[in-house]
Amino acid sequence: MQLKLSEHYNYKKLLRFTLPTILGLVVTSIYGVVDGFFLSNFAGKLSFAAVNFIMPYTLILTSIGYMMGSGSSALIAKTIGQKRPDQARKLLTGLFVVSLILGIGTSLAGRALLNPVLDLMGCTPALRQDAYTYALILLAFLPCSMIQMYFQTIFVTAARPLHNFVITLCAGVLNIFLDWLMVGTLDWGAAGAACATGLGQSMAALLSLVFFVKPMAGKGENALYFCRFTITAREVGSAMVNGMSELFTNAATSIISILYNFQLLRFAGENGVAAYGTLMYVSMIFMAVSIGYSIGVSPLVSYQYGAASHQELSSLLKKSLVILLIGAVSMFGLAELLAEPLASLFAGYDPELMDLTIQAFRCCSPVFLFSGFAIFGSSFFTALNNGPVSAAISLIRTLVFQIGFILIFPLFWGLNGVWFSMVAAEAMAVVITAFLVYRFRHQYGYFKTGWNFIQKFAF
């Protein structure tokens, strides 16, 4: 039975509704992990380091797709909650067209700036050729990647998260097969890994488009599908403002990755970049759980906000905090338990690199105790159509704490300071997020009865 945005959600229903989105994000994150696995084991650690070195640049550009998807989803879900389904369909179509145009323009600009960016990042001669090739191919597929990101959240707003998971899984399987063929068998190296990822993204984009054509879109008053549309600059601006925290988060995270790579080249050379790459691949999967849950629950929050149902909004927030707490402790335990096997998976052929990677895991695993709450907090305010507060959480978390700590901590603790800076930044971000959630409780009507939800658990 398909769940609706308007239902009351207990823990079982909430997990059932968000699980396909969580799994879909995990599969999406595996795209990069599979590239890294085949590159590290078949093309060598320099190709592996080169791809990790340039990947932040490509992620900065694809973050525009996250912005449009998250911002549009919040606006569309709010409009459905206001009982205006025809307007919601026009927004779906118009904002998709805007996203596609942005994707094409960003792809062209990204390719034009690629060489200057490599120079600015201080790319070494040993990494440059593979880094350039990988980025150039991925940028050609960028419009498809942005289409995939746009629909990732729209599927949840349409109350069809399972469809998104199936599409993402199919694209992931294709990506794995092509990595095996192009990198592991044909020995195409970084070019093969980029082609595999890009073709997987293209498949996901094409299938997503098909599912929002009217005959495929399902039935019901609130069904979302493409239609004739008019779109105003105000509506586009509203979607962009709603989603700008996702833009800032992904762009800033990528900029910070560049800074981490710079510091690691200084303290540990190419091995440091490769160890950080392994850490980031695993973090992408773990973070995908928090991001997937946040994306999955956001349309429910937006709907209840649009419907002015303060009781349901409060219930969703309380349950989400409990789920995030359980998930945080579980992911921390897994990171500690799996540090050595995961390091061996990517670096088992090089004892020095493996030891460095295990050290990084041990230092950074407490990150997972904190990161999910800041991710959810930013997404929660995006769902409430409050882009500025959502962006404030993202900017403080990334540009203030992460950049500040990565510049300061290594002065005192050297290489370990690079790893410790991640944990300290996420811990401080949780403090800021908790303050802002508390600060706006009256404006949005959640927690009206105070903070005694620990006793009630909102069942």
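A salt bridge here is a side-chain nitrogen of Lys or Arg within 4 Å of a carboxyl oxygen of Asp or Glu. By that rule the count comes to four. Before you click, note that this is a predicted model, where local features need pLDDT of at least 70 and side-chain atom pairs count only at pLDDT 80 or more, while totals for chains, interfaces and linings use all residues. Residues are numbered from 1 along each chain as its sequence is written, and side-chain values use heavy atoms, leaving out hydrogens and water.

Start by selecting Asp-119 and Arg-128: their side chains form a salt bridge at 2.9 Å, N to O. Arg-128 is partly exposed at 24% relative accessible area (buried is under 20%, exposed over 50%, partly exposed in between; 1.4 Å probe, protein chains only).

Next, pick Lys-13 and Glu-7, bridged at 3.0 Å, N to O. Lys-13 is partly exposed at 27%, whereas Glu-7 is buried at 18%.

Now jump to helix H3, residues 85–112 (helices are DSSP runs of H or I, at least four residues, numbered from the N terminus). Asp-86 and Arg-89 sit there three residues apart, about one turn of the helix, and their closest N and O atoms are 2.7 Å apart in a salt bridge. Asp-86 is exposed at 53%; Arg-89 is buried at 6%.

Last stop: Gln-402 in helix H14, residues 387–439. Is Gln-402 buried or exposed? Buried, because its relative accessibility is 8%. Beyond its neighbours within four places in sequence, Gln-402 is in contact (heavy atoms within 4.5 Å) with Ile-256, Arg-397, Ala-425 and Glu-426.

Key
Helix = DSSP H or I, 4+ residues; strand = E, 2+ residues; numbered from the N terminus.
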